[in-house]
Amino acid sequence: MMRPILTLAPAFAIAFALTPSLAPADGVRGASAACVEVVTFRLVPGAEEAAFLDAARATEGPLREQPGFLRRRLVQGGDGQWTDWVEWRDAASAHAAAEAMMGNPAFGPFMALIDGASIVMRHDALTFAMD
């Protein structure tokens, strides 16, 4: 007989709390966790995907030069929403880079193709990673 999921929740919570391997992403309890910048948005009407991807590629150099940059993924949803997923060493690096990049000319063409009203940006702690 299959047990309802809700009855397993307390056991899972206890196991999760007691498992040291699920500590911050760097594997050291108490160390500052990596930060993931998650930005969702839509393109402006009439923007071409190829032009947008070219503009995104043009931001690679300045982004890689930012202290704390680890990796970036750009994802297109089936509904037309995009997600720019950038991993940083820590939250301070993510916030400093977000501010610096907005003033960088390499980001102008990229930002011009994004519908500003659709942008939602978050900075979240990376708590588990699997490669």
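1. Strands E1 (residues 35-41) and E3 (residues 82-88) pair in the antiparallel sense over 7 bridges. Strands here are DSSP E runs of at least two residues, helices are H or I runs of at least four, and both are numbered from the N terminus. Two strands pair if DSSP finds at least two bridges between them. Val38 stands opposite Trp85 in E3.

2. This is a predicted model, in which local features need pLDDT of at least 70, side-chain atom pairs count only at pLDDT 80 or more, and totals for chains, interfaces and linings use all residues. Residues are numbered from 1 along each chain as its sequence is written, and side-chain values use heavy atoms, with hydrogens and water left out.

3. The open sheet has 4 strands in the order E2-E3-E1-E4, with antiparallel pairing. Its edge strands are E2 (69-76) and E4 (120-125), each pairing on one side only. From one strand to the next, the twist averages 15 degrees.

4. Helix H2 (residues 49-57) packs on the sheet and touches E1, E2 and E3. Contact means heavy atoms within 4.5 Å. The direction of H2 makes about 175 degrees with that of E2. Angles run from 0 to 180 degrees between N-to-C directions, with axes fitted to C-alpha atoms, for helices over the stretch in contact.

5. Helix H4 (residues 91-102) also packs on the sheet. H4 touches E1, E3 and E4, and its direction makes about 40 degrees with that of E1.

6. Leaving aside neighbours within four places in sequence, Leu63 is in contact with Phe69, Arg72, Trp88, Met101 and Phe107.
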